[in-house]
Structures are given as structure tokens and as C-alpha cells.
Amino acid sequence: MANAVLADRSGLRDVDDLLPLAMSRPGEALAIARSLLSQRPAPGEALVAHQAAGIVLRESGDVSAAIREFRRALRLAQAIASREREADVLASMAGALLYSGRSADALAAFDRAVELSSGPLAGRVLHRRGTALWMLGRNAAALEDFRRAVIVLQRAQDAIWTARALNGRGLVYLDLGWPAKADSDFVAAGRLLAENGQELEFAHTLVNRGVAAYRSADVPAALALLDEASAHHARLAAPTPLVSVERCAVLLAAGLARDALAEADAAIAEIERARGWSTKRAELLLVAASCALAAGQPQTALDRARGAHRLFRSQQSAYGQPQARLVVLQAQYAIGQVSPRVVEAAGQVAAQLEALHSAEATQAHLLAGRVALSLGQLADAERHLTAAAHSRRRGSAISRVAGWLAEALLASAAVDTRRLEIACKRGLEVLDQHRWTLGASELRARATAHGAELAALAQRHAATAHKPRLLLTWSERWRATALAVPPVRPPAGAGFDADLAALRQATSRLEEARRQGEPTVSVERDLLRLEKAVRAASLRTKGAAVPARRVIDSAELLDQLGAAQLAEIVDIDGTVQVLLCGAGRVRQITAGSTADAVRAADFARFALRRLARGRHADDLASATAILSAAGARLEAATLGPAVALLREGPLVIVPPGRLHAIPWALLPALARRPFSVAPSAGAWLRAHAAKPPDRQHVVLASGPGLVTDGAEVPVAARMYDDVTVLSGAAATTARVLQALDGAWLAHLAAHGTFRADSPMFSSLRLHDGPLTVYDFERLERAPYRLILPSCDSGVLAPAGADELLGLVSSLLPLGTAGVIAGVVPLNDQATVPLMVGLHNRLRAGDSLAEALLTVRAGAVADPVQHAAAMSLLLLGAD
């Protein structure tokens with residue numbers, strides 16, 4: 001009768017097939033088990049049905065119901081006097097007891113199962129007990145069980161369970177800090193599983209290899225392995241919660257918090273569609289909460305963490321509950337909820353996590369210490385921060401950075417300046433070592449977020465002490481550091497170039513479909529797929545050697561400035577501090593508020609956009625009035641009293657990331673002086689030191705769709721002797737890049753697009769599609785000078801702590817001295833005479849800053865031309 005039920009429901013030929021089915025197709029297995037039990041089967045068959053039901057319920061989170069099913073199965077095994085069945089059921093039930101927090105009962109059940117088992121079953125039970133011991137943090141005992149299991153199972157020639165034991169031993173090696181040994185076991189396990197057709201479990205070994213790579217501080221390799229695991233899951237149409245959990249951890253370490261949050265949300269939606277995996281749903285909710293917290297969305301983090309905590313509590317999870325509770329408390333703190341209750345609760349969570357040997361105990365102590373410090377509870381603060389500081393010399397780079405942050409907070413509370421500076425310095429050095437393992441400029445930039453608080457502590461200390469040179473040093477220590485060296489290019493054969501070419505073709509198809517009024521859904525889907533492939537290939541690129549020099553020397557800066565001055569603008573807790581460098585001195589001046597500067601910049605950009613769109617008299621008058629007021633407000637907020645200290649002569653402005661895209665030419669103090677804008681003083685020094693090529697070759701190119709058809713290009717071409725002109729069908733990405741490489745001066749007249757959602761895809765439109773940041777990064781040497789009279793071409797997206805991503809930022813590490821670009825949309829017709837005038841001045845020998853100043857002065861009579869001129873900035877140096 002049992003076999004008939006099995007055949008009717010699933011095609012299974014034997015009742016024992018229910019047990020593997022419980023893990024591969026749980027819903028189907030539970031339905032078959034219940035149907036079988038309703039037929040009053042023989043004790044041996046009922047035993048398997050109860051055990052299968054228990055496995056499904058255990059994995060879905062209904063632990064109490066699972067234990068009841070296992071107890072029924074256990075009684076039946078004892079009734080038929082089957083030691084083997086009793087051992088197998090005990091091992092299954094022990095897992096449920098462990099999930100419920102009854103670790104002593106779980107280990108007792110495992111011990112009895114080991115006593116009852118022999119042969120291959122003994123190896124399988126040892127594997128499962130080893131897993132339990134590993135989960136409890138008892139790594140030495142777990143390692144011994146896995147070693148014994150491997151020996152027994154290899155002797156029995158049980159390849160699949162040998163692979164599982166090797167995989168388990170690898171997980172223990174990871175916890176012991178031996179990622180190389182772990183990877184070796186994962187590779188061996190994967191080979192056995194692949195040879196025996198266990199494709200899903202093989203994919204799991206790829207996930208574990210990704211974790212091993214991450215623990216070895218190789219984020220690109222981790223991302224590559226996790227991408228491969230995801231591809232395997234996709235081919236098998238299998239859910240990917242395990243991949244998503246680990247991938248989110250790697251993305252967070254790389255500073256890609258929003259990507260990690262999107263990954264977690266997608267995995268949660270996938271599980272909800274499948275109506276199962278509630279244990280993984282709780283885990284993913286917890287991961288999503290951590291991602292939201294890192295992405296600056298504390299309320300979202302709080303909601304997700306509370307949902308995870310409810311699920312873990314219903315599952316009686318001794319492991320999940322304190323972890324979820326920690327994120328709840330972190331989110332409440334981020335929202336502003338500070339009280340003695342938070343200190344007490346965080347301390348309790350820290351103790352629970354320490355008992356579980358969880359590395360997250362450091363974060364709980366850090367939170368408790370931070371809150372206690374803000375409440376003036378110095379004894380509690382010292383106790384918790386001291387505990388958190390223990391991690392500064394062990395664990396992952398991110399964990400060690402957290403330890404140094406705790407040490408810095410302790411030093412700040414003790415007003416120990418030297419100790420504070422050492423802690424900040426060491427913490428940022430740890431993060432440097434982590435960041436330079438990353439090849440992609442985006443990852444290098446975003447990973448700096450992990451050091452933001454250390455840098456802010458050091459800056460706050462220097463500003464409060466009114467030590468301008470020290471403040472300059474610390475501001476430069478963590479500003480635009482990703483621009484210090486060129487990115488590492490993806491290796492040949494990685495499909496990167498082909499994907500970029502396909503991306504350009506898809507973009508062109510999309511534009512054509514829109515022009516023709518045709519459906520675009522499939523083309524848009526293809527475009528998103530290609531963007532994802534290009535970005536993933538870039539993120540998987542490994543880093544090169546750590547650069548030898550990362551911090552500027554103020555004496556060298558002052559020497560290189562000569563007659564010029566440099567104003568480095570620093571945001572200290574919302575207040576603008578100006579560091580005015582020149583004539584052998586660095587002076588610190590307090591200006592306005594960052595919020596006022598941002599508001600004034602928004603008004604200014606709004607007015608410039610209005611002027612760019614038309615010539616109606618009312619609009620022009622209104623926008624011109626707004627511009628005049630916005631310029632004065634911008635000057636008061638960003639420079640303030642420092643204006644009175646400006647001498648005649650050139651000025652370099654170094655704003656923080658949030659203020660980089662300000663139309664600085666609107667400031668009254670800058671109206672009659674040449675100036676440039678740089679991401680950092682170090683970036684300006686490198687641009688200033690850039691050597692022009694021996695050959696003064698000029699490249700002029702124009703893209704499609706311009707109202708003027710790039711009318712300035714043929715006019716400018718007649719001004720130079722050694723010139724390459726590319727327009728129409730000749731202005732393809734490949735030909736333009738080839739011409740740009742090493743040019744003395746280049747001018748690209750093309751429509752520009754800034755992608756705030758993904759700044760590396762900011763682009764210039766050429767004949768065959770967009771020329772993106774990724775394309776620019778493949779230049780051997782960027783043009784010495786570049787003119788980009790394109791909409792938003794000079795806009796850079798703030799990233800990480802104080803980094804910038806965009807078209808211009810990709811050129812500065814590659815040898816470009818200066819770039820003239822627009823920070824708002826430009827009027828094509830108004831831009832043409834400006835560009836002709838600019839080339840006339842450059843041909844006469846002016847620097848970029850001098851030429852741009854002259855062009856601005858000559859455009860005052862025409863409001864639209866004047867607005868276009870004020871929208872152009874010189875980025876870098878002359």
C-alpha cells in the first residue's frame with residue numbers, strides 16, 4: 001500500500017526516498033508523508049514518514065512540531081528494534097533540538113546516535129554532530145568529528161557523504177582562521193559532488209569557496225565565486241538564499257550597501273513566492289536589516305530586524321534572536337533613541353553573542369560603549385569599548401577597523417590626543433590594506449565608508465584644537481583616495497570588452513525603438529542585463545600593489561602652489577571649515593553651514609537649467625536674479641570670512657564630495673580670478689605635476705543628436721596644425737578612444753548623461769552608443785587636457801566616506817592635468833561661441849583657467865551664454 005501511495009503522489013519507488021525528497025522538494029515530501037500516514041502504514045514505513053515530516057518542519061522553522069514528529073519516529077524505531085533507524089532519527093531530531101536552543105539535549109541525542117551507529121551510518125552521524133558542534137562554536141571537537149567522518153566515509157567509498165564531511169571540515173577551518181585549508185576541502189568536496197551528479201550541493205561548495213576567499217581578504221575572488229554559484233542555482237531553477245546571505249556580507253564589506261540591500265530584498269521576495277524556507281527568510285530579513293543600516297535607512301533596518309526577531313523567536317532560535325536584537329538596537333540608535341535601557345540591552349546581547357562565540361559581540365560592545373559615552377556613563381563606556389577594542393588585532397579587516405574605532409573612542413573620552421591619532425591611523429591603515437585588494441575604482445571608493453567615523457574623529461579633534469595643518473593632513477588622509485592610482489583593468493578574455501560593445505548596441509537599439517514608437521520592454525531588459533554583466537566583471541577584478549604614498553605633505557603643497565592659493569573645504573559636523581593654504585601658511589577659518597551651501601547650490605543649478613532651456617524675457621530676468629542671490633549665499637556658506645584673505649591670483653578649491661558639483665563661478669569672489677576645482681589637494685598636486693606629451697596632437701570629435709551638430713569642431717580644427725577630427729559615422733567609441741590616448745588636447749562635443757543611480761555608467765553619446773566611465777578607464781594615458789562641453793559631464797557622485805565617481809574622476813589618475821566640463825545641462829547653441837572663444841585663447845597660449853575666465857567675461861551681455869559659461873568648471877589643474 002505504501003508503494004502505491006508513493007507512486008500515485010510522486011513516482012517514488014521506495015519509502016526511503018522520502019528522506020532526500022524532504023530536503024530537495026519539501027512541500028511535496030510533506031504532502032506524501034501525511035498521505036502515507038493517513039493509510040495506517042506498517043511501523044517501518046510510518047517511521048520514515050514521520051522522520052521526513054519532521055525534517056520538512058524543522059527546515060521550515062516549525063521546530064516544536066518537528067520535534068513531535070521525530071519523537072513519534074523514534075518510538076517506532078525502538079519498537080521495531082532497529083539500531084540504525086533509531087540512530088538516524090536521533091541525529092535528525094538533534095538538529096531540531098539545536099535549533100530550539102536546547103544544545104545539551106541535542107548533543108546528548110547525537111552522542112546516543114553515535115553509540116548506536118556503525119559503518120557508513122557512523123560517518124554520517126559524526127558529520128551531523130560535527131555540524132552541531134561547529135554551530136555551537138566548539139571547533140576543536142567539531143574538527144575531530146569531521147576528521148573521523150571523512151576517514152569512515154572514504155573507507156566505505158561513500159563519495160557523497162565524504163564530500164559533505166569535507167565541506168563541514170572546511171567550515172571549521174574557516175572559523176579557525178585557516179581559509180586556505182578550508183578552500184582545499186571545499187574544492188575536494190565540490191569535485192566529488194560534481195562527479196556524482198549532486199549539482200545543487202556542488203553549488204553550495206562554490207558559495208563556501210566564496211566565503212573562504214572573502215576571509216582571505218580577496219573580495220573580487222569572492223564575488224566571482226558567488227556569481228558562479230548563482231549561475232549554477234539559476235540553471236537548476238533552485239532558490240538562492242544561501243548565496244544571497246553570503247553575497248550580501250561580501251557586498252557590505254566592499255561598501256556596496258545598496259546593492260546588498262537589493263540582493264537581500266530580491267531573495268526575500270523569491271522565498272515568499274516559493275511559500276517556504278522560513279528559516280532562511282528570517283536570516284535574509286536580518287541580512288536586509290544590516291544592509292539597510294549600512295545604506296543609511298535606519299527605519300527600514302528597524303522594521304526588517306524586528307521581523308527577523310519575531311521569526312527567530314517563533315523558531316526558538318538561540319542564534320538568530322540575539323543577532324536580530326543587536327540590529328534592532330543599532331537601528332534605534334541610528335534613529336536617535338539613546339537611553340540607559342539601550343546600554344543595558346546592548347550589554348545583554350553582547351554577553352549572549354560571546355556565549356555563542358559570535359564575532360558580532362564586538363559590534364554589540366561598540367554600540368553599548370558608544371551610547372554609554374553619549375550619556376556620560378564613563379565606567380560602562382570604558383568597559384564595553386575596551387571589550388570591543390580587543391578585535392583590533394584579529395578577525396576580518398572590517399572587524400579590526402571596528403576595534404580601532406573603539407580604541408579611538410576610548411582615547412577621545414580620555415582626551416588622550418596621541419592615543420587617538422594612533423588609533424585612527426592604524427584603523428585607516430587596516431582599511432587601506434583591504435581596499436587595495438580591490439581592482440575596481442567603484443569598490444575602492446565605496447569601501448572607504450568603513451573608515452568614515454575614524455576619519456571624522458581625527459578631523460573633529462584637529463578642528464577643535466585649531467591645528468590647521470593637522471586638519472589638512474587628516475582631511476586629505478581620507479579624501480578622494482581612490483583617485484590616487486589608476487583602476488586595474490579586467491583581464492583579457494573576461495568578456496568585458498564584448499559586453500561593453502553589446503551594451504552600446506543595446507543602447508542604440510533602445511534609442512531607435514523610442515524614436516519609432518516601438519515597444520522597448522525587451523530591449524530595456526537586455527540593457528539591464530548587460531549593465532549588470534559589465535559591472536560584475538569590473539567588481540571581480542583583483543587589486544594591484546598598495547601605493548607607496550597616500551598622504552600629502554603640507555610643506556610640499558605650499559611650495560607647489562607658488563603664487564596661487566588653495567582653499568580646502570571641510571565639513572565638521574555640518575559646519576564648514578576652510579583651510580586656506582598659500583604664502584607658506586595654512587589658516588583655518590569657520591564659514592557657514594553645509595546645509596546652507598547645499599540649498600544655495602540647488603537654487604543655483606535650478607536657475608542655470610532654466611536659462612539653458614529658453615530665451616523668454618520673464619524667465620531670463622527671474623533666473624538671473626536667482627543666480628545673483630545664489631552666488632552670494634554660496635560664497636557666505638562655503639568660504640565665509642576666508643574671502644577677505646584671498647590674494648590676487650589663481651585659486652584652487654577643494655570641496656567635500658557633497659559640494660563638488662556647485663557652479664563655483666557664481667561666487668562673487670571668483671568672478672575675476674582664474675580658478676580650478678579638485679577632488680583633493682593630493683589630486684591637484686598629481687594633476688599639477690602631470691607632464692604634457694612631446695607631440696601637441698589635438699583631437700576634436702562630435703557625437704550625434706546635437707542641435708548645432710558640433711558646429712565648433714570644424715572651426716576649432718582650423719586653429720591647429722596637428723589635429724584629428726572625428727564626426728558622423730567616424731566618431732565611434734573605439735576610434736575616439738584610440739585618438740584620445742595620449743593626446744595633448746581633446747574636445748568631445750556630445751550629449752552627456754550623468755547616472756546618479758550608477759555613476760560608472762555616466763556617459764557621452766557617440767555614433768555607436770555611449771562612451772562610459774568604464775571605457776575611459778581603459779585608456780593607457782588620458783588626454784593631457786580635455787574639454788567636455790556636455791550636459792552634466794562634470795557632475796561626480798559622492799561615494800564612500802569622501803570619494804567621487806563619474807566621467808571626470810576616471811581621467812585624473814590616468815594623467816589628465818585638467819578637464820573643462822559642465823555641471824548642469826548646457827544650451828547647445830550658446831555653447832558653440834564659448835568653445836570657439838576658448839580654443840582661440842588656448843591657441844594664444846592661455847592656461848585652461850585663464851581661457852575659461854576670459855570666455856566668461858566675454859559672455860556677460862547674453863544671459864543664456866553667460867549661464868552656459870558659469871556652468872562650466874575647470875576640474876584638476878592647469
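## A pocket to start with

Let's begin with the second largest pocket: 28 residues line it, and Ala452, Ala456, Gln459, Asp571 and Ala801 lie nearest its centre. This is a predicted model, where local features need pLDDT of at least 70 and side-chain atom pairs count only at pLDDT 80 or more, while totals for chains, interfaces and linings use all residues. Residues are numbered from 1 along each chain as its sequence is written, and side-chain values use heavy atoms, with hydrogens and water left out.

What does "pocket" mean here? On a 1 Å grid over the protein atoms alone, a pocket is an open set of points where a 1.4 Å probe fits, with protein on both sides within 12 Å along at least five of seven lines, and a lining residue has an atom within 4 Å of a point. The volume of this one is about 620 Å³, counted as the space filled by probe spheres set on the points, which are joined across faces, edges and corners.

## Who lines the pocket

Helix 25 (452-464), helix 26 (468-477), strand 1 (565-572) and strand 13 (797-799) each give at least two residues to the lining. Helices (H or I, at least four residues) and strands (E, at least two) are DSSP runs, numbered from the N terminus. Helix 25 has the largest share, with seven residues.

Sorted by class, the lining holds 14 nonpolar, five polar and nine charged residues. For this count, Ala, Val, Leu, Ile, Met, Phe, Trp, Tyr, Cys and Pro are nonpolar, Asp, Glu, Lys and Arg are charged, and the others, Gly among them, are polar.

## The nonpolar cores

In soluble globular proteins, nonpolar side chains tend to be buried together. A nonpolar core is a set of buried Ala, Val, Leu, Ile, Met, Phe, Trp, Tyr and Cys residues joined through side-chain atoms within 4.5 Å. Buried means under 20% relative accessible area, exposed means over 50%, and partly exposed is in between (1.4 Å probe, protein chains only).

The largest core has 149 residues, and Leu18, Leu366, Cys424 and Leu443 touch the most other members. Helix 22 (397-413) supplies the largest share of this core, eleven residues. Another core lies apart from it, with 88 residues, including Ala607, Ala623, Ile653 and Ala867. Cys424 counts as buried because its relative accessibility is 0%.

Ala867 also shows up in helix 38, where Val864, Gln865, Ala868, Ala869 and Met870 are buried along with it. Helix 38 (residues 863-870) is mostly covered, with six of its eight residues buried. At its N-terminal end sits a cap: a side-chain oxygen of Asp862 is 3.0 Å from the backbone nitrogen of Val864.

## Cysteines without partners

How many disulfides does the structure hold? It holds zero, a disulfide being a pair of cysteine sulfur atoms within 2.5 Å. Take Cys291, which is in no disulfide: the nearest cysteine sulfur belongs to Cys248 and is 4.4 Å away. Cys291 has 0% relative accessibility, so it counts as buried.

Asp802 is in the loop between strand 13 and strand 14 (803-805). It counts as buried because its relative accessibility is 17%. A polar contact is a pair of N or O atoms within 3.5 Å; within protein, one must be able to donate a hydrogen and the other to accept it, and residues adjacent in sequence count only if both atoms are side-chain atoms. The side chain of Asp802 makes one with the side chain of Arg479 (3.2 Å), and a polar atom of the Asp802 side chain lies 2.7 Å from the backbone nitrogen of Gly657.

Gln51, in helix 4 (residues 43-60), is buried because its relative accessible area is 1%. Its side chain makes a polar contact with that of Asp88 (3.0 Å).

Most residues other than glycine have a negative phi, and most peptide bonds are trans. Ala81 has a positive phi, near 55 degrees, and it sits in the loop between helix 5 (63-79) and helix 6 (83-99). Is Ala81 buried or exposed? With a relative accessible area of 66%, Ala81 is exposed.

His466 also has a positive phi near 55 degrees, and its place is in the loop between helix 25 and helix 26. Its relative accessible area is 48%, so His466 is partly exposed.
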